[in-house]
Amino acid sequence: MSAIRKLLPAERGPYRAHLLRLDKADRYARFTGTVSDEVIIKHCESLDWTRTALVGLFDRGELRGAVELCFDRLLWPGAAELAISVEKGFQGRGVGSTLVRRSLSIAANRGIRQVHMMCLSDNTRMRALSRRFGGTMERDGGEFAITFDLPRPSQVSLALEAFEDGAGAVNAMLDGLPALLKAA
């Protein structure tokens, strides 16, 4: 059973484990460069949950894809930055599209007007996602700077986020059910 939901600050460990499972090419694409295990560990430890929202795909209780949405109203008023990672076995199955859609909706519901993302020029999947969600791309050397202009929040977008949060909470409880039944 798969579930897409927001991560809680207590789930820093599963996020770190997910990033550490990325193969060399996917790590390079996620961080737009080569990074070591130590860099990933430090990145996860330094997450500021007051300005970061993480949305992840959990499959059988294991985090397999995630979007990191960073916003800082002082440094980037009305803007946010997005980074996505999906493990090999889950690529090409619509996971990235669903995670990006959810993240853009979350950003818009918080009054964010633009979301920025960097991707390597050879990352065709990210460029396709950008086009799918109306992003504009500007080439910057070997990378593309992508900008998504977001609509204002609406009653529908706020209700949809609340519904998806509730569904995510139920799915998280159902994922933990087999362990609870074993213990009983």
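**Helix packing and a buried valine**

Tutor: Helix α1 (residues 12–21) and helix α3 (residues 37–45) pack at an angle of about 155°, and their axes are 10 Å apart. This is a predicted model, where local features need pLDDT of at least 70, side-chain atom pairs count only at pLDDT 80 or more, and totals for chains, interfaces and linings use all residues. Residues are numbered from 1 along each chain as its sequence is written, and side-chain values use heavy atoms, with hydrogens and water left out.

Student: Why are α1 and α3 called roughly antiparallel?

Tutor: Angles under 35 degrees count as roughly parallel, over 145 as roughly antiparallel, 65 to 115 as roughly perpendicular and the rest as oblique. Theirs is about 155°, so α1 and α3 are roughly antiparallel to each other. The angle runs from 0 to 180 degrees between N-to-C directions, with axes fitted to C-alpha atoms over the stretch in contact.

Student: Which residues of α1 and α3 meet?

Tutor: Contact means heavy atoms within 4.5 Å. On the α1 side you have Arg12, Tyr15, Arg16, Leu19 and Leu20, and they meet Asp37, Ile40, Ile41, His43, Cys44 and Glu45 in α3. The residues of that contact divide into six nonpolar, one polar and four charged. Here Ala, Val, Leu, Ile, Met, Phe, Trp, Tyr, Cys and Pro count as nonpolar, Asp, Glu, Lys and Arg as charged, and the others, Gly among them, as polar.

Student: And what does α1 do with helix α2?

Tutor: α1 and α2 (residues 24–31) pack at about 120°, with axes 8 Å apart. Tyr15, Leu19 and Leu20 in α1 meet Arg27, Arg30 and Phe31 in α2. That contact has four nonpolar, no polar and two charged residues.

Student: What makes valine 67 buried?

Tutor: Buried means under 20% relative accessible area, exposed over 50%, partly exposed in between (1.4 Å probe, protein chains only). Valine 67 has 0%, so it is buried. It lies in strand β3 (residues 62–71). Beyond its neighbours within four places in sequence, valine 67 is in contact with residues including Leu54, Leu82, Ile84 and Val100. Across the protein, buried residues make up 43% of the 184 residues.

Student: How do you know that the radius of gyration agrees with a compact globule?

Tutor: The rule is 2.2 Å times the number of residues to the power 0.38, with the radius taken over C-alpha atoms. For 184 residues a compact globule would come out near 16 Å, and the protein has 16 Å, so the two agree.

Conventions
Helices (H or I, at least four residues) and strands (E, at least two) are DSSP runs, numbered from the N terminus.
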